[in-house]
Amino acid sequence: MLQKILVSWNQFLADCLSNLNHPVAILLLQIVTVIIVARFFGFVCRKIGQPVVIGEIVAGILLGPSFLGMYFPDFSTFLFPASSLHNLELLSQLGLVLFMFIVGMELDFRAIKIKTSHALIISHASIAIPFAMGVALGYFLYQQFAPEGISPLSFGLFIGIAISITAFPVLARIVKERNMSKTRLGMLAITCAAVDDITAWCILAALIAIEKAGSFYSSLYVVLISVAYVLFMIKVMQPFLREIGEIYFSNSSLKSHIIALFFIILFISAFSTQLLGIHPLFGAFMAGLVMPTKLNFRNIFIEKMEDTVLVLLLPLFFVFTGLRTQIGLLRDPVLLQTAGIIIMVAIAGKFLGSAVAARLVGQNLKDSLIIGALMNTRGLMELVVLNIGYDLGILNPEVFLMMVIMALVTTFMTGPALNAIDRWVPSKGQEPELGLEYLPENLLTKEVDSF
């Protein structure tokens with residue numbers, strides 16, 4: 001009898017071990033681990049006054065080969081077997097599609113009308129100056145670090161885009177936390193970041209189209225069809241969705257079939273840009289931009305999906321990025337020195353470029369430096385761009401690592417830089433307050449940790 005019990009028990013254990021290696025079991029275990037580790041480091045960063053996204057990026061790197069794979073290789077192989085990475089990548093890409101949809105919805109074009117001339121000058125300068133410096137840096141890095149088969153033009157343009165990006169969601173979160181959201185300066189910074197986001201994604205979409213098309217005529221077709229797609233979304237889809245937003249503007253009237261319609265539009269838009277060879281994230285971003293502009297409608301719809309995206313799916317993207325990031329490569333003095341150069345170029349281009357432009361349009365010294373510090377924030381948006389470059393084969397692991405370090409440093413320095421400016425640079429006058437109606441409500445009131 002005892003022997004039969006032992007045999008059945010051993011069989012039960014063997015079945016459990018077999019079930020543990022099932023792809024679904026591995027994925028569920030990965031999700032649980034990622035959420036726990038990401039929330040812990042996010043909590044730590046919030047306690048020390050840093051954006052939670054910094055903690056989530058660090059958590060992703062620690063779960064990758066830089067720490068877990070180096071010191072606990074057996075557990076790392078068990079938790080992240082090579083066969084499971086494709087599933088993890090697909091799930092993280094889904095999270096990014098939904099996240100870019102949210103980012104598009106949170107851009108309020110009514111806000112961009114405030115101080116339009118100043119915002120356009122500052123935002124375009126904060127794109128053009130670091131972009132030019134990034135292209136020059138790409139030329140410097142090309143011979144030693146560019147993957148085989150990548151043209152100098154593609155490599156340089158992509159480095160320029162990566163250097164010039166600003167993380168609109170992180171910036172909006174910092175502005176709110178520092179009680180700047182009702183001031184002229186905070187409104188100006190958010191407007192500049194919004195314009196930056198749109199400009200950078202359009203440039204990136206054009207670069208991806210050219211890189212994937214393979215020939216000049218093919219790229220021309222892709223660009224022309226992409227322009228037609230954008231015009232269709234703005235001229236046809238946006239008015240149609242605006243009418244729907246006027247009808248279904250409350251939580252009670254927003255039925256499941258209406259939510260299903262918006263998700264269908266989102267995924268068709270993402271599918272269309274993927275089909276064109278651009279990237280599904282650009283389609284998701286465009287779908288968010290053309291959603292009904294009624295703030296109450298947008299807030300309701302965002303709240304229905306935001307927590308799932310930010311708490312569950314985005315941390316998976318950070319871990320997938322961490323699995324690609326090999327900190328051990330920085331033991332090479334050449335890579336360490338090059339990473340330092342990249343960081344200095346990124347700060348000089350974005351921080352100083354934005355600050356000088358703000359000064360030229362009449363902002364005082366302190367406000368100009370604050371705008372420069374905020375525009376230098378990169379965070380999650382930088383990682384999205386870098387992963388696109390890695391997937392396209394434009395970035396190799398060494399350049400990818402150095403650019404991730406740059407994103408971490410420039411995001412981490414925003415808080416201390418603002419504190420230093422507030423302490424050491426004298427103020428000149430008190431800024432007037434703006435009405436809350438100019439900002440999306442969730443950027444002012446909702447706790448958006450992962451941004």
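## Aromatic pairs

The structure, a predicted model, holds eight aromatic pairs. Rings of Phe, Tyr and Trp (its six-membered ring) pair if their centres lie within 6.5 Å; planes under 30 degrees apart count as stacked, over 60 as edge-to-face and the rest as tilted. F263 and F267 have ring centres 6.3 Å apart and planes at 15°, so this pair is stacked. Both residues lie in helix α13 (residues 256-275), four residues apart, about one turn of the helix. Helices (H or I, at least four residues) and strands (E, at least two) are DSSP runs, numbered from the N terminus. F263 is partly exposed, with a relative accessible area of 24%, and F267 is partly exposed as well, at 35%. Here buried means under 20% relative accessible area, exposed over 50%, and partly exposed in between (1.4 Å probe, protein chains only).

Y390 and F400 form an edge-to-face pair, 5.0 Å centre to centre with 65° between the planes. Y390 lies in helix α18 (residues 379-392) and F400 in helix α19 (residues 397-412), so the pair ties together parts that are 10 residues apart in sequence. Y390 is partly exposed at 24% relative accessible area, whereas F400 is buried at 0%. Ring pairs also link F67, Y71 and F72 into a cluster.

## Basis of the model

Residues are numbered from 1 along each chain as its sequence is written, and side-chain values use heavy atoms, with hydrogens and water left out. As this is a predicted model, local features need pLDDT of at least 70 and side-chain atom pairs count only at pLDDT 80 or more, while totals for chains, interfaces and linings use all residues.

## The chain as a whole

The protein chain has 21 helices and zero strands. Of its 451 residues, 54% are buried. Contact means heavy atoms within 4.5 Å. Among contacts between residues at least 6 apart in sequence, 83% join residues at least 24 apart.

## Salt bridges

Side chains of opposite charge can pair when their charged atoms come close. A salt bridge is a side-chain nitrogen of Lys or Arg within 4 Å of a carboxyl oxygen of Asp or Glu. The whole structure contains four salt bridges. In one of them, the closest N and O atoms of K350 and D196 are 2.8 Å apart. This pair links distant parts of the chain, with K350 in helix α16 (residues 333-360) and D196 in helix α11, 154 residues apart. K350 is buried at 0% relative accessible area, and D196 is buried at 1%.

R324 and D391 form a salt bridge with an N to O distance of 2.4 Å. R324 is in helix α15 (residues 295-324) and D391 in helix α18, 67 residues apart. R324 is buried at 10% relative accessibility, while D391 is partly exposed at 37%. A further salt bridge joins K366 and D422 at 3.2 Å, N to O. K366 belongs to helix α17 (residues 365-375) and D422 to helix α20, so the bridge ties together parts 56 residues apart in sequence. K366 is buried at 9% relative accessibility, but D422 is exposed at 53%.

## Buried parts

The largest nonpolar core has 137 residues, of which F99, F155, W201, F262 and L374 touch the most other members. Its largest share, 15 residues, comes from helix α11 (residues 184-213). A nonpolar core is a set of buried Ala, Val, Leu, Ile, Met, Phe, Trp, Tyr and Cys residues joined through side-chain atoms within 4.5 Å. Leaving aside neighbours within four places in sequence, the contacts of F155 include G138, Y142, I394 and V399.

Nine of the 10 residues of helix α10 (residues 168-177) are buried, so this helix is largely enclosed by the rest of the structure. Among these buried residues are F168, P169, R173 and K176. Just after α10, N179 takes a positive phi of about 55°.

S92 lies in helix α6 (residues 85-106) and is buried at 0% relative accessibility. Not counting residues up to four places away in sequence, S92 touches L313, L316, F317 and F320.

I421 lies in helix α20 (residues 414-424) and is buried at 7% relative accessibility. I421 and I370 are 51 residues apart in sequence, yet 7.0 Å apart in space, C-alpha to C-alpha. Leaving aside neighbours within four places in sequence, I421 is in contact with F351, K366, L369, I370 and A373.
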